[in-house]
Amino acid sequence: MNKLVKAEWYRLRKSGTFLFYTVLVCILCVAVALLGNRKFFEDDLSTNALAVLFGMGSFMYPVFISTMLCVVASMGHHSKVAYYEIMDGNKTSHIILSKHIVYLPIVLCLFLIPMLSLFGYTCVKNGSGALIDKPIWFFVLFVAIILRIVIGAINIAM
């Protein structure tokens with residue numbers, strides 16, 4: 001398993017520009033959330049959540065990120081590396097799990113942590129608003145939805 005994770009990380013780093021594009025897409029998604037709503041730090045959490053998640057096409061963030069991860073994760077099928085990994089004696093579940101171990105922390109660090117910190121800051125500073133009674137459940141559901149979309153995208157690519 002350790003060998004598969006190291007090989008996947010090596011493949012991601014040496015794949016040319018795919019790592020750069022993945023990082024760029026995640027950072028741009030957070031930047032567009034701030035640029036799309038100029039009063040982001042003045043509004044409460046419910047207003048920001050509606051503006052970021054449903055306004056200005058921002059609901060497409062998970063689609064952008066998952067599409068980029070699908071392209072990167074499916075590179076092994078293009079170059080027949082995935083077939084060699086199976087012929088090497090590795091289980092299919094271990095191969096897919098190694099891809100999850102590599103790609104989920106990237107999305108966590110580059111998309112979820114900045115978005116949750118922005119939402120958390122506005123919740124502490126301006127309150128949760130009228131629509132969100134318990135903000136902790138909003139954060140839990142937001143993380144669960146994004147992680148489920150990313151896991152589904154990697155599984156579809158495999």
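Start by selecting helix α8, where Phe138, Phe139, Phe142, Ile146, Val150, Gly152, Ala153, Ile154 and Ala157 are buried; buried here means under 20% relative accessible area, exposed means over 50% and partly exposed lies in between, with a 1.4 Å probe and protein chains only. Helices (H or I, at least four residues) and strands (E, at least two) are DSSP runs numbered from the N terminus.

Before going on, keep in mind that this is a predicted model, in which local features need pLDDT of at least 70 and side-chain atom pairs count only at pLDDT 80 or more, while totals for chains, interfaces and linings use all residues. Residues are numbered from 1 along each chain as its sequence is written, and side-chain values use heavy atoms, with hydrogens and water left out.

Staying on α8, follow its 23 residues from the first C-alpha to the last, a reach of 33 Å that is close to the 33 Å expected at 1.5 Å a residue, the expected span being 1.5 Å times one less than the number of residues.

By class, the contact of α7 with α8 has 21 nonpolar, 3 polar and 1 charged residues, where Ala, Val, Leu, Ile, Met, Phe, Trp, Tyr, Cys and Pro count as nonpolar, Asp, Glu, Lys and Arg as charged, and the others, Gly among them, as polar.

Within α7, select Thr122, which is buried with a relative accessible area of 1%. Leaving aside neighbours within four places in sequence, Thr122 is in contact (heavy atoms within 4.5 Å) with Phe40, Phe41, Asp43, Leu45, Asn48 and Gly127.

Then move to helix α1 (residues 2-13) and pick out Arg11, which counts as buried at 19% relative accessibility.

Finally, display the whole protein chain, which has 8 helices and 0 strands, and in which buried residues make up 39% of the 158 residues.
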